[in-house]
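Me: I am new to this structure and would like to go through it in short questions. Please show it before we start.

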Amino acid sequence: MEDKMNNLREFDETYEGTVLGVDEAGRGPLAGAVVAGAVIIPEYFSELDEINDSKKLTEKKREKLFEIIMEKCIVGIGISDEKEIDEINILNATFSAMRKAISQVSGKAKFDVVLVDGNHKIKGYKGKQEEIIKGDATSLSIAAASIVAKVTRDRMMLEVDKEFPEYGFAKHKGYGTQEHIDAIRKYGVCPIHRKSFEPIRSILNNM
């Protein structure tokens, strides 16, 4: 595990100057916002050795690392809600959330290059950037950003669950599980559902 983490750190250190890692959570779900995290790791601290792609960490470990990253790193969080997703599509809404997260960091610190998870550069961002496929398993700053994005979004969905408990958002976080789709068919859509996504669009058309 530690060797793997050292590799992630070494990857970031191949870049000159300060690296800002960016990742998102929530592109695939049928409900809720897409959330982006942007993280500069100013200096090494021991807990970094526990950071990995957020999808491979337990919820408890993600929560613990989230608090440490928020305390010891320079962090930005960008949110594009379901209305923005329906208006400009999920890819553009993701870019919008990433630009918001970067802008938050820009107000706190300088950085030389943005490393973004995935196979797309951030549309509309004018600074130096590089897309890193499987970045959350390659770059330490992207892995940290993935934790920030995922924990932030999961917490938002837990709050939504209190308002709309019949959909089970606390459990599936808005993803298109059979349980979730059955609930949509039974109760209809709620305000945070993405109306442009299938199968919601078809369900709405048939109502």
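Me: Is Cys 73 buried or exposed?
Reply: This is a predicted model, and the value here is computed from it. Buried means under 20% relative accessible area. Cys 73 has 9% relative accessibility, so Cys 73 counts as buried.

Me: What about Cys 190, buried or exposed?
Reply: The cut-off for buried is under 20% relative accessible area. Cys 190 has a relative accessible area of 5%, so Cys 190 is buried.

Me: How many disulfides are there?
Reply: A disulfide is a pair of cysteine sulfur atoms within 2.5 Å. By this rule, the count of disulfides is 0.

Me: Which strands are joined to strand 4 by bridges?
Reply: Strand 1, residues 19-25, is joined to strand 4 by 4 bridges, and the two run parallel. On this side, Leu 20 has Val 114 as its bridge partner. Val 114 also has a bridge partner in strand 5, namely Gln 129. Strand 4 and strand 5 (residues 129-132) run parallel and are joined by 4 bridges, which gives the two names: strand 1 and strand 5.

Me: How many residues of strand 4 are buried?
Reply: Strand 4 covers residues 113-117. Val 113, Leu 115 and Asp 117 point one way, Val 114 and Val 116 point the other way, and all are buried. The number of buried residues in strand 4 is 5 of 5.

Me: Which residues does Glu 82 touch, leaving out those up to four places away in sequence?
Reply: Glu 82 is placed in helix 3, residues 82-88. Its relative accessible area is 9%, so Glu 82 is buried. With residues up to four places away not counted, Glu 82 touches Gly 32, Ala 33, Pro 191, Ile 192, His 193 and Arg 194.

Me: Is His 172 buried or exposed, and what is it in contact with beyond four places in sequence?
Reply: His 172 is in helix 6, residues 169-172. Its relative accessible area is 7%, so His 172 is buried. Neighbours within four places aside, the contacts of His 172 are Tyr 167, Thr 177, Glu 179 and His 180.

Me: How far apart in space are Tyr 175 and Arg 27?
Reply: Tyr 175 lies in the loop between helix 6 and helix 7, and at 37% relative accessibility it counts as partly exposed. Not counting residues up to four places away, Tyr 175 touches Gly 26, Gly 28, Pro 29, Leu 30 and His 180. Tyr 175 and Arg 27 are 148 residues apart in sequence, and their C-alpha to C-alpha separation in space is 9.5 Å.

Note on methods
Residues are numbered from 1 along each chain as its sequence is written. This is a predicted model: local features need pLDDT of at least 70, side-chain atom pairs count only at pLDDT 80 or more; totals for chains, interfaces and linings use all residues. Side-chain values use heavy atoms; hydrogens and water are left out. Buried means under 20% relative accessible area, exposed over 50%, partly exposed in between (1.4 Å probe, protein chains only). Contact means heavy atoms within 4.5 Å. Two strands pair if DSSP finds at least two bridges between them.
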